[in-house]
Amino acid sequence: MKNFDIIATSAMGLEAIVAKEVRDLGYECQVENGKITYKGDVRAVARSNMWLRTADRIKIKIGEFKSYTFDELFEKTKALPWEEFLPENAEFPVSGKSVKSKLFSVSDCQAIVKKAIVERMRKSYKKTTWFEENGPLFKIEVALLKDVVTLTIDTSGSGLHKRGYRSGQGEAPLKETLAAALIKLTNWHPDKPFVDPFCGSGTIPIEAALIGQNIAPGFNREFVSEAWPIFPDSVWDEVRMEAEDLANYDQPLDISGMDIDHRMVKIAEENAFEAGLGDLISFKQMRVQDFTTKKEYGVIVGNPPYGERLGEKKAVEEMYSQMGEAFAPLDTWSIYILTSNEDFEQVYGKPATKKRKLFNGFIRTDYYQYWGKRLQELINKDKASC
Ligand SMILES: C[S@@+](CC[C@H](N)C(=O)[O-])C[C@H]1O[C@@H](n2cnc3c(N)ncnc32)[C@H](O)[C@@H]1O
């Protein structure tokens with residue numbers, strides 16, 4: 001099978017996590033800003049779409065070259081083998097972006113790329129009239145960065161965060177890809193308790209259950225490249241079969257989600273049922289301040305309100321402080337909180353073991369990590385033996 005240049009796009013700050021997922025799938029990769037690149041065939045593209053929990057999209061790079069004039073852009077685009085991907089009836093809209101490049105007019109770049117591909121296809125398909133574009137969709141992107149043009153086709157369709165289970169949501173839902181990354185950054189193991197005390201629409205507990213039972217995040221959705229002639233149905237059948245084989249539905253889980261708002265608890269329950277995980281996650285209405293447990297060595301991952309709106313900061317900080325008191329006895333638990341509040345550690349009452357800068361959409365946040373007793377001991381032991 002032909003090898004492609006594959007690009008898994010990633011949110012800023014998540015590149016290392018996406019790269020680890022790509023390597024775990026069995027592909028050596030390189031990490032750049034916002035993207036992970038590797039080589040692979042159609043099966044690799046299909047498996048990446050099916051399995052990558054933290055990547056945004058999977059694209060195929062068709063070409064990359066320097067270009068300083070529109071003529072150059074036209075000729076170099078026309079020289080690429082578009083007919084190897086696009087059938088005669090392909091629908092192929094072209095989007096674009098340009099950063100620090102001589103060719104800065106994005107609409108002109110898009111029009112030129114479109115024209116060049118049409119020219120190439122006319123020759124290959126021996127056509128003199130216009131293409132009808134009533135076939136499968138190939139979303140092409142022309143991206144210019146410092147005069148380097150990268151031409152890609154998107155293989156995912158809707159972004160990979162759209163798993164197909166979240167029909168209801170609250171005011172500030174977390175992207176499923178970021179929720180999965182937050183869990184991957186913890187030391188959680190599926191045989192340990194997992195709690196999201198601010199569950200909202202249930203994204204974090206649902207992603208934890210998918211990870212816990214090794215259920216592929218793309219199992220319940222479709223991908224635009226499924227309709228492409230170069231992707232035989234047998235490839236997708238094989239990849240879906242692999243996902244079915246690798247799912248561990250017998251793995252017992254102890255995952256719970258709480259929220260102060262009973263309407264969110266209902267939405268979270270509905271979403272979990274939609275994901276087929278309704279019996280695996282327990283949701284209840286509760287204030288974080290009232291959280292107690294006799295269980296040990298669990299993991300808490302929380303995405304509380306940030307208090308960014310006018311007049312909300314004080315109340316949110318009071319809640320953070322009470323949360324610190326409620327969590328203080330949980331010395332065996334590891335606690336992870338994502339917030340944009342820069343005074344979090346002070347308000348919560350404890351310096352974090354570690355913090356990591358992450359973007360929640362456009363909001364700059366920190367992921368405050370408080371490691372539990374055993375994890376702390378293991379890490380100290382590790383350090384001492386080095
Ligand atoms: C940013 S949202 C969480 C969104 C969630 N991660 C999702 O993907 O839908 C914060 C949630 O915290 C809840 N909340 C606010 N104060 C709370 C408290 N004191 N205890 C528990 N939940 C609280 C809100 O009702 C809201 O649903």
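What we have here is a predicted model, where local features need pLDDT of at least 70, side-chain atom pairs count only at pLDDT 80 or more, and totals for chains, interfaces and linings use all residues. Residues are numbered from 1 along each chain as its sequence is written, and side-chain values use heavy atoms, with hydrogens and water left out. When I say helix or strand, I mean DSSP runs numbered from the N terminus, with helices being H or I of at least four residues and strands being E of at least two.

Back to the opening. Helix H5 covers residues 176–184 and helix H6 residues 203–212, and their axes come within 9 Å and cross at roughly 65°. Those axes are lines fitted to C-alpha atoms, for helices over the stretch in contact, with angles from 0 to 180 degrees between N-to-C directions. On the H5 side the contact involves Glu176, Ala179, Ala180, Leu182, Ile183 and Lys184, and on the H6 side Thr203, Ile204, Glu207, Ala208 and Ile211. Contact here means heavy atoms within 4.5 Å. By class, that makes seven nonpolar, one polar and three charged residues. For the classes, Ala, Val, Leu, Ile, Met, Phe, Trp, Tyr, Cys and Pro are nonpolar, Asp, Glu, Lys and Arg are charged, and the others, Gly among them, are polar.

Now please look at H4. This helix runs over residues 106–124, has 19 residues, and reaches 27 Å from its first C-alpha to its last, close to the 27 Å expected at 1.5 Å a residue; the expected span is 1.5 Å times one less than the number of residues. Just after H4, Lys126 takes a positive phi of about 50°.

What does H4 pack against? Its buried residues pack against helix H3 (70–78) and strands E5 (94–99), E6 (139–145) and E7 (148–154). Those buried residues include Cys109, Ile112, Lys114 and Met121. Buried means under 20% relative accessible area, exposed over 50%, and partly exposed in between, with a 1.4 Å probe and protein chains only.

The H3 partner also makes a right-handed crossing with H4, with axes that come within 8 Å and cross at roughly 35°. From H3, residues including Phe70, Leu73 and Phe74 meet H4 residues, among them Cys109, Ile112 and Ala116. That contact has eight nonpolar, one polar and five charged residues.

A word on cysteines. Cys109 is buried, with a relative accessible area of 1%, and Cys199 counts as buried at 4%. A search of the whole structure finds zero disulfides, a disulfide being a pair of cysteine sulfur atoms within 2.5 Å.

Let me finish on some strands. Ser98 is found in E5, and its C-alpha is separated by 4.5 Å from that of Leu144, 46 residues apart along the chain. In strand E9 (residues 255–259) we find Ser256, which counts as buried because its relative accessibility is 10%. Leaving out residues up to four places away in sequence, Ser256 touches Phe194, Val195, Asp196, Pro205, Ile281 and Ser282.

Conventions
A crossing is left-handed if the near helix is turned anticlockwise from the far one by less than a right angle, and right-handed if clockwise.
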